[in-house]
Amino acid sequence: MRIAVIGGGPAGLYFAILMKRDFPQHRITVVERNRPDDTFGFGVVFSDQTLETFEAADEPSYRRITDAFAYWDDIEIHHKDGVHRIGGNGFCGCSRRTLLLLLQDRARELGVELEFRREASPEDFPDADLIVGADGINSAIRNRFADHFKPHIDLRPNRFVWLGSTRPLDAFTFFFRERPEGIWIAHCYQYEAGASTWVIETDPETFARSGCGAMSEEETARSLEGVFAAELRGPRLITNRSLWRQFPMMRCERWVKDNIVLLGDAKATAHFSIGSGTKLAMEDSIALHQAFKAGGSVKECLARFEAGRREDVEKTQHAADVSLVWFEHVKRFWHMHPTRFAFGVMTRSKAITWDNLMLREPSFVEKTQRVFAEEAKAAGLPASPDKPPLFQPFRLRGMELANRIVVSPMCQYSAEDGMPTDWHFVHYGARAVGGAGLLFTEMVCPAPDARITPGCAGLWNDAQQAAWARIVRFAKQHGGAKICLQLGHAGRKGATKLMWEGMDQPLPQGGWPLISASALPYFPHSQVPKAMDRADMDRVKAEFVAAAKRGAEAGFDMLELHCAHGYLLASFLSPLTNRRTDEYGGSVENRLRYPLEVFTALRAVWPADRPMSVRISATDWKDGGITDEDTLAIARAFAAAGCDLIDVSTGQTVHDAAPVFGRMYQVPWADMIRNEAGIATMCVGNISTADQANTILAAGRADLVAFARLHLTEPSFAQRAAATYGVKDTPCPVQYYAGKDALLRNTAREVAELMELKRKAKPKSHAVVAPRARDAAE
């Protein structure tokens, strides 16, 4: 084969090395526009896991990298007066220039042709079987064929600049510094003896106030030396094309065009806050090499590469994206205790969790647990330093929860004319005794025409009230969970089939007239609802009030108003479903008017010592929908009206939304509302483990964690989760004590065995292979 690699960075060189080693008969040329020793930036970072990958891919180049690196095991976080050092991470830093030179040497040894100071394009290689576009973030190849590769670039708001220093560092270090102009962040690491990288980042408002945008490189360095004088301890900052930039989050719909393939930053970027740009590029090279080793034509190999590699790249990008957003919103967390702030830094990308940190640095997790408990105790709660966050108590008004596990509201579609049946009694009874702190009902409708389906439960007559009262009595007599009544009106999403017969699909017969904020059907073939007039508003509000009174008489501990998922009240909140031109449409204040009116009426009749919450869709997952600013305005308005908690969900507003699912995918909005609007939040959405929940709570991203589908198949999830962490006082009916005791015994043994397996599976440390770099750092 004839292979041309355009771009002589780590991705292009590493691919050339691997291919020439295994296919020495191939002619491989790497063309680079710069000189061999030109480099912009300072160091690169690799984790132990990445080094293990490099060792398996090409041991000679791995040895050269590890002989030249500076190794550290710790991450150090400086916030206010707190310094936290967390071990068990395993990273190495290497000079980017050194990395390029050693890869060039390895390539030459194998017979790769290297050409420097030459601009190249695909036409320069008419005889090439394969052309690799490894020409970086500003890829000329990608830009030239943009209509084919279809890059999507999101230029993020924060400003950053790459600088260097001679200040030695023995840990990957984050410095957070507050100044009159705002908050500055320095991401720092040593990459060789006497040389460290300093990536300094700030938000656009701080950047504007600082005047850095009008400064030269040297002026920028001198100004930032003043910002981080205490951290630099004397050494100066060094420039090397140190220009202020905004990070481009970039993805391409396609990576391959004919015999051209994009590698590294040419096809996808990953934010520097997880140190993954060079790692991603070199792992691309490994994957492309493996695709060719598997055999077949160039077309087949390139298709194999893209199909096999894309998921891993997207996972890394997602972690990087979540990480960069955390740094963009660092002001949200500034008020936190330094220990919880540091925990948030460590877990920001979701790659590291509570349990993972317990494996890496148990003392830090134990300190975080103590701080969480101390803060709960300061709020008047009977907290214990021996329990993780998920099992600390929580209070809303006069209602105290034993723990922060919530059984999320889940429609059962099994009522008969709105009447809860034996199914509901068993369903809620089983979960009430399962150990959770709070149990939600499904959406309960205040009138027959408020139902989603004919199977939806209601609370508009005495018989229904009696059925709910029986469920509540059982829950209180036998379980420790408090129970919340969720009231909602289907609006334009009513008169539909049962979920398992066709979710949101209109009933072919037996339906009822629908109402909504505007006369817009959910599907084009759905019933067109009537746009509510004042008489409709008064009637519906009165039905809600009557149902709330019945709920209070039935003994519910808490009331939630459903204003999410495109149902009636949500249809007022979203501009996608509210096209009104009167005082109930237009601005977010107008769109809030009727939902607030209903909430205020409910708050007036609901007992003052019992809390109320509101469920909202924090985004519609569609352009033109609710914005973050809208969401914050909505949360603040409900809080001012007496709401105690925002139950944060997303979407389901319109049928053609495009949600982006993933682990804990709705947590960012719970975080935003909690830390910017200043109201307690409950998060929900693809949260599947107690580990994830502890991580969310300890990082201050929510106050309660709702588990939905998990509770469908495991009603006593809370008991198992408690046993995992050695928590023995989770509420449990006396009839189940023997089972709980066995669970505690067996789980303790299983956890110990699992922790040992995790320790054995941890990537090996590569520190021992770099004595020169280690001695120099010492």
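In β7, V45 has G93 as its bridge partner. The model is predicted, with pLDDT of at least 70 needed for local features and 80 or more for side-chain atom pairs, while totals for chains, interfaces and linings use all residues. Residues are numbered from 1 along each chain as its sequence is written, and side-chain values use heavy atoms, without hydrogens and water.

β3 and β7 (residues 91-95) pair in the antiparallel sense over five bridges; pairing requires at least two DSSP bridges between two strands. Helices (H or I, at least four residues) and strands (E, at least two) are DSSP runs numbered from the N terminus.

The open three-strand sheet has the order β3-β7-β4, with antiparallel pairing. Its edge strands, β3 (43-47) and β4 (70-72), each pair on one side only.

The open six-strand sheet has the order β8-β2-β1-β9-β17-β16 and mixed pairing. β8 (113-116) and β16 (256-257) stand at the edges with a single partner strand each, so one side of each has no neighbour in the sheet. Strands β9 (residues 130-133) and β17 (residues 260-262) pair in the parallel sense over three bridges, and I131 stands opposite I260 in β17.

| Helix | Strands touched | Angle |
|---|---|---|
| α1 (residues 10-22) | β1, β2, β8, β9 | about 170 degrees with β2 |
| α11 (residues 298-328) | β9, β16, β17 | about 15 degrees with β17 |
| α4 (residues 96-110) | β3, β7 | about 80 degrees with β7 |

W500 lies in helix α17 (residues 499-502).

Conventions
Contact = heavy atoms within 4.5 Å. Axes fitted to C-alpha atoms, helices over the stretch in contact; angles between N-to-C directions.
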